[in-house]
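This report describes how the secondary structure elements of one protein model are arranged. Please consult the sequence and the structure shown here while reading.

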Amino acid sequence: MSSPASAPPDWLAKGARHVWRPYCQMKTAPAPLAVARTEGSRLILEDGRELVDGIASWWTACHGYNHPHIRQAVEAQLARAPHVMFGGLAHEPAYRLASRLAALLPGDLDHVFFAESGSVSVEIAMKMALQFWINRGMSGRTRFLSFLGGYHGDTLATMTICDPEEGMHSLFAGVMPSQHVTALPTDAASEAGLAAYLAENAQEIAAVIVEPRVQGAGGMLFHEDETLRRLRRLADDHDVLLIFDEIFTGFGRTGDLFACEGAGVVPDVITLSKALTGGTLPLSAAVASRKVFDAFWSDDPGAALMHGPTYMGNPLACAAADASLDLFERGDWRADVARIEAALRDGLAPCRGSAGVVDVRVKGAIGVVEFDRQVESGPLCQRFVEAGVWIRPMGKVVYLTPPFVVTDAELATLTGAVRAVLGV
Ligand code: PLP
């Protein structure tokens with residue numbers, strides 16, 4: 001158990017009057033924890049307390065914080081060129097990263113469009129899908145098919161493809177055009193239902209979009225790889241594009257480098273972010289297959305993809321991502337994810353049967369305890385901090401997605417804290 005050793009720093013009180021925090025009722029929320037530094041799987045607070053980070057800063061810090069290999073790569077790039085615009089200019093970190101991603105991704109997912117955040121890469125994937133049909137001379141393909149439990153971002157267009165109830169955005173119902181959001185085809189009957197829907201409506205659908213294997217922010221919901229194979233079949237049979245949003249699942253989280261690769265399904269577009277830079281700098285990518293890219297390859301300038309964020313392909317972020325890929329290529333992460341999976345299974349199993357708990361599930365480096373109702377995140381968070389861990393419950397779940405370098409002792413601390421807070 002750790003306790004504050006000193007008063008909150010001056011910058012926190014001063015800045016708190018001006019910083020608008022995420023997902024936060026600013027009037028009533030307690031002050032955020034002031035982080036002084038990070039190391040490995042730990043957050044070191046300004047008051048001296050140390051917390052084991054159970055969620056790797058929203059699933060980004062896969063190799064742990066301050067990894068020396070990534071830090072050195074960023075420092076070297078900082079000395080060379082921190083940023084240049086991507087329009088008309090090129091630099092090695094981005095071009096090398098694009099080649100490496102194309103080589104790592106399955107099938108012909110070969111054409112990498114960079115952006116800075118996950119939501120924006122999903123917007124770009126949506127735009128690619130819309131313009132794919134326009135460029136092929138087909139009008140009316142303006143809608144998307146997405147899934148209950150899904151989360152794809154907070155920007156206006158991505159909100160429309162999130163779960164309308166669970167996706168944090170129900171307040172905005174009716175503001176944007178509605179999409180067809182339905183249940184995942186998890187069995188033959190629901191596949192047939194979706195096939196019937198597509199037989200009627202495919203001519204207005206640009207793409208189907210899904211988070212493969214795990215729907216993250218919508219509730220850490222798992223589905224079988226067969227569901228993804230069904231979606232590929234449905235998309236092929238009804239000639240709609242298939243987009244996999246691997247912003248959460250990409251880079252090892254489910255035990256395979258990419259969920260699509262593990263499932264043996266190649267989407268037409270994939271979105272990546274979060275762990276792409278090992279959790280150091282903002283970067284995302286929408287990676288298109290040859291079929292999608294070819295629809296933009298033309299003598300007509302009007303057929304080009306008209307998108308270009310200012311910080312697109314930022315050299316520091318790409319250098320960080322290149323260094324992160326070096327660490328993935330070394331391969332230690334596979335054993336680490338297996339080790340974390342086993343520890344989460346053992347450590348969380350006793351929560352099964354505890355009051356209000358309806359499910360305990362683990363996949364790769366993701367451990368979930370689901371309750372029968374929304375959990376009160378604030379008070380639970382506070383108790384977790386008192387137990388020396390950073391765990392932030394979300395909706396109906398308490399979940400753990402630690403950095404892959406988390407030690408066995410730290411894993412025991414994390415799962416022990418969950419059991420203690422649940423009283424098991
Ligand atoms: N898609 C998925 C699957 C996500 O998990 C997230 C973020 O949690 C996003 C998109 C949005 O990414 P960002 O928060 O970087 O905009």
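The sections below take up the basis of the model, its sheets, a hairpin and several helix contacts.

## Basis of the description

The model is predicted, with local features requiring pLDDT of at least 70 and side-chain atom pairs counted only at pLDDT 80 or more, whereas totals for chains, interfaces and linings use all residues. Residue numbers start from 1 along each chain as its sequence is written.

Helices (H or I, at least four residues) and strands (E, at least two) are DSSP runs, numbered from the N terminus. Strands are said to pair if DSSP finds at least two bridges between them. Two residues are in contact if their C-beta atoms, placed from the backbone, lie within 7 Å.

Seven strands form an open sheet in the order 4-12-11-10-7-5-6, and the pairing is mixed. Strand 4 (109-115) and strand 6 (180-182) are the edge strands, each pairing on one side only. On average, neighbouring strands of this sheet are turned by 20° against each other, direction ignored. Within the sheet, strand 5 (residues 143-147) and strand 7 (residues 205-210) run parallel and are joined by three bridges; L145 stands opposite V208 of strand 7.

Helix 5 (residues 118-135) lies across strand 4, strand 5, strand 7, strand 10 (241-245), strand 11 (269-272) and strand 12 (284-289), and runs at about 25° to strand 12. Helix 8 (residues 225-237) also packs on the sheet, where it touches strand 7 and strand 10, and its direction makes about 150° with that of strand 10. Such angles run from 0 to 180 degrees between N-to-C directions, and axes are lines fitted to C-alpha atoms, for helices over the stretch in contact.

An open sheet of four strands has the order 1-2-3-15, with mixed pairing. Strand 1 (35-39) and strand 15 (389-390) each have a single partner strand, so one side of each is left without a neighbour in the sheet. Strand 3 (residues 50-53) runs parallel to strand 15, with two bridges between them, and V52 stands opposite V389 in strand 15.

Strand 13 (residues 357-363) and strand 14 run antiparallel and are joined by six bridges. K363 has I366 of strand 14 as its bridge partner. Two residues lie between the strands of this hairpin, and G364 takes a positive phi near 55°. Strand 14 also pairs with strand 16 (residues 397-400) in the antiparallel sense, over four bridges; there, G367 has L400 as its bridge partner. Strand 14 (residues 366-371) is mostly covered, with five of its six residues buried. A residue is buried if 20 or more other C-beta atoms lie within 10 Å of its own, exposed if 12 or fewer, and partly exposed in between, with C-beta atoms placed from the backbone.

## Helix 11 and its partners

The axes of helix 3 (residues 68-80) and helix 11 (residues 315-330) come within 8 Å and cross at roughly 150°. That angle makes helix 3 roughly antiparallel to helix 11. Angles under 35 degrees count as roughly parallel, over 145 as roughly antiparallel, 65 to 115 as roughly perpendicular, and the rest as oblique. The contact of helix 3 with helix 11 has ten nonpolar, three polar and two charged residues. Ala, Val, Leu, Ile, Met, Phe, Trp, Tyr, Cys and Pro count as nonpolar, Asp, Glu, Lys and Arg as charged, and the others, Gly among them, as polar.

Helix 4 (residues 92-104) packs against helix 11 at an angle of about 40°, with the axes 8 Å apart, and is therefore oblique to helix 11. P93, A94, R96, L97 and R100 of helix 4 make this contact with P315, C318, A319, A321, D322 and L325 of helix 11. By class, eight of the contact residues are nonpolar, none polar and three charged.

F328 also belongs to helix 11. This residue counts as buried because it has 20 C-beta neighbours inside 10 Å. Neighbours within four places in sequence aside, F328 is in contact with F251, G252, L257 and W333.

## Helix 12 and helix 14

Helix 12 (residues 332-348) and helix 14 (residues 408-422) pack with their axes 9 Å apart, at an angle of about 30°. Helix 12 is therefore roughly parallel to helix 14. I340, A343, L344, G347 and L348 of helix 12 meet D408, L411, A412, T415 and V418 of helix 14. Seven nonpolar, two polar and one charged residue make up this contact.
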